[in-house]
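I opened this model to see what holds it together. These are my notes, in the order I looked things up.

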Amino acid sequence: MNKSIKVFAPASIGNVSCGFDVLGLAVQSPGDEVFISLNDSNKVTIKSIVGDDGRLPLESNKILQE
């Protein structure tokens with residue numbers, strides 16, 4: 001049995017106009033990909049995050065605080 005899955009969440013550009021809206025557009029790719037696989041520990045483990053410049057924690061129990 002396959003114990004992994006790849007999910008794609010497309011980006012949206014709805015309601016975009018001139019000004020600061022344009023600064024938030026995805027320019028590298030049209031969405032996000034998540035690769036998920038089951039493990040034997042019954043815990044969430046994040047192995048890597050790409051494209052966040054190190055701002056998101058790999059520890060699944062931490063909340064990003066600015």
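**Ground rules.** I took helices (H or I, at least four residues) and strands (E, at least two) as DSSP runs, numbered from the N terminus. The model is predicted, so I kept the cut-offs in view: local features need pLDDT of at least 70, side-chain atom pairs count only at pLDDT 80 or more, and totals for chains, interfaces and linings use all residues. Residues are numbered from 1 along each chain as its sequence is written, and side-chain values use heavy atoms, with hydrogens and water left out.

**Entry 1: the whole chain.** I looked up the secondary structure. I found zero helices and two strands. Next I checked burial. I call a residue buried under 20% relative accessible area, exposed over 50%, and partly exposed in between (1.4 Å probe, protein chains only). Of the 66 residues, 3% count as buried. Then I looked up the accessible surface, by the Shrake-Rupley method with a 1.4 Å probe; for residues, only the protein chains shown count as cover. The chain comes to about 6,600 Å². Carbon and sulfur atoms hold 55% of that area.

A contact means heavy atoms within 4.5 Å. Among contacts with a separation of 6 or more, 37% join residues 24 or more positions apart.

**Entry 2: the start of the chain.** Where does Lys 3 sit? I find Lys 3 in the segment before β1. Leaving aside neighbours within four places in sequence, I see Lys 3 in contact with Ile 36, Ser 37 and Leu 38.

Asn 2 is in the segment before β1, which spans 4-10. I get a relative accessible area of 61% for Asn 2, so I list this residue as exposed. From Asn 2 to Leu 38 I read 9.4 Å, C-alpha to C-alpha, for a sequence separation of 36 residues.

**Entry 3: salt bridges.** How many salt bridges does the whole structure hold? I searched for a side-chain nitrogen of Lys or Arg within 4 Å of a carboxyl oxygen of Asp or Glu. The search finds one. Lys 6 pairs with Glu 33, and their closest N and O atoms are 3.7 Å apart. Lys 6 lies in strand β1 and Glu 33 in strand β2, so the pair ties together parts that are 27 residues apart in sequence. I then looked at cover. Lys 6 is exposed at 52% relative accessible area. Glu 33 is partly exposed at 45%.

**Entry 4: a nonpolar patch.** Which residues make the nonpolar surface patch? I noted Val 44, Ile 46, Ile 49, Leu 56 and Leu 58, making about 390 Å². Patch residues have over 30% relative accessible area and no salt bridge; like charges are joined within 9 Å, nonpolar side chains (Val, Leu, Ile, Met, Phe, Trp, Tyr) within 5 Å.

I followed up on two members. Val 44 is in the segment after β2. Val 44 is exposed, with a relative accessible area of 62%. Ile 49 is also placed in the segment after β2. Ile 49 is partly exposed, at 30%. Not counting residues up to four places away in sequence, I see Ile 49 touch Leu 56, Pro 57 and Leu 58. Ile 49 and Val 34 are 15 residues apart along the chain, and I read 9.4 Å between their C-alpha atoms.

I also looked up Lys 47. Lys 47 lies in the segment after β2 and is exposed, at 77% relative accessible area. Lys 47 and Leu 58 are 11 residues apart in sequence, with 6.8 Å from C-alpha to C-alpha.

**Entry 5: backbone angles.** I kept one rule in mind. Most residues other than glycine have a negative phi. I noted Asn 42, with phi near 60°, a positive value in a residue other than glycine. Asn 42 is in the segment after β2, a strand that covers 31-37. Is Asn 42 buried or exposed? I get 75% relative accessible area, so Asn 42 is exposed.

I read a positive phi of about 55° for Asp 53, which is not a glycine. Asp 53 lies in the segment after β2. Asp 53 is exposed, with a relative accessible area of 71%.
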